[in-house]
Amino acid sequence: MTKYMVANWKMNGSLETAHDFCQTFTRLFHAHQTDNTIVIFPPHPYLSFTNGALSGTDISLGAQDCSGASEGAFTGETSATMLADVGCSYVIIGHSERRQQHQESNTFLSDKIKCALEANLRPIFCIGESEQDFETGKTQEVLKTQLQVLNDFKGNDKLILAYEPVWAIGTGKVARLDDIENTCAFLKKELFDVYQLSSPILYGGSVKADNAKDILSLQSIGGVLVGGASLKPDEFWKISTAIVIPKKPQTSSFSPKL
Ligand code: PGA
């Protein structure tokens, strides 16, 4: 089964670094190939450029956020249809940085997922507990509340979930493997029992080339969401191929004459 390898560049880089990343990364992609699903999430102004630079590969494009409205007087916002227009197939929704910095509530996030799905984008819905919640044993309770957004999307097979403990993001503190597996097994069951979903569950939070293989080998993990380490093409390539899924053999159109 394909694993999702998600590169969230956040608000980093320039047109030049986007160009350099794509040049190196596509060269690695063409030389080695993989059946993992790779998605790059540049800042909005570099989406069109990155889309062009990735053409001719199976690498997909995503946006780091979208508006919860479809159009109108929303200065500075970008609609999901606009993102689809410039080549996006995925969108991250509810990243903890947006929840913290923009006070994104469950209702607000539900509107964003709705707009994404209407524009035919696959939402990657992010959830995660704070360090205090983790230390006081409240992880499952907090995640259950965050999952309630999915009440409006029961059974929708376009949804992807990303579990990112907030205290592991950008800190170099990776969650323990048994904690990641236990939490993701809990999420898998919760998704299935309450929301009729079998969505892939990605892990995010200080994923690097040297810990990606162990994380990706966990039974309940369907991929990784990578921040800092996704800015370096060589490192992100190592992560993307940490679990090798060989390319499916091309089916031959040759049919012998009888
Ligand atoms: P990080 O970020 O890999 O730099 O910890 C992950 C994320 O925020 O998605």
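Phe 29 sits in helix α1, residues 15–32. Helices here are DSSP runs of H or I with at least four residues, strands are runs of E with at least two, and both are numbered from the N terminus. This is a predicted model, where local features need pLDDT of at least 70, side-chain atom pairs count only at pLDDT 80 or more, and totals for chains, interfaces and linings use all residues. Residues are numbered from 1 along each chain as its sequence is written, and side-chain values use heavy atoms, with hydrogens and water left out.

Is Phe 29 buried or exposed? Phe 29 is buried, at 3% relative accessible area. Buried means under 20%, exposed over 50%, and partly exposed in between, with a 1.4 Å probe and protein chains only. Beyond the neighbours within four places in sequence, Phe 29 is in contact with Thr 34, Ile 38, Thr 57, Asp 58, Ile 59 and Trp 237. Contact means heavy atoms within 4.5 Å.

Next, the core. A nonpolar core is a set of buried Ala, Val, Leu, Ile, Met, Phe, Trp, Tyr and Cys residues joined through side-chain atoms within 4.5 Å. The largest one has 65 residues, and Ile 40 and Phe 236 touch the most other members. Another core, of 12 residues, lies apart from it and includes Val 6, Phe 41, Ile 92 and Leu 202.

Now the strands. Eight of them close into a barrel with parallel pairing, in the order β1-β2-β3-β4-β5-β6-β7-β8. Two strands pair if DSSP finds at least two bridges between them. Strand β3, residues 60–63, pairs with strand β4, residues 90–93, in the parallel sense over two bridges. Ala 63 stands opposite Val 91 in β4.

Last, the salt bridges. A salt bridge is a side-chain nitrogen of Lys or Arg within 4 Å of a carboxyl oxygen of Asp or Glu. The count by this rule is 10. One of them joins Lys 10 and Glu 97, at 2.8 Å from N to O. Lys 10 is in the loop between β1 and α1, and Glu 97 is in helix α4, 87 residues apart.

Which residues does Asp 65 meet? Asp 65 forms a salt bridge with Arg 98 at 3.1 Å, and another with Lys 112 at 2.8 Å. Asp 65 lies in the loop between β3 and α3 and Lys 112 in helix α5, so this pair ties together parts 47 residues apart in sequence. Both Asp 65 and Lys 112 are buried. Salt bridges with shared partners join Asp 65, Arg 98, Glu 104 and Lys 112 into one network.
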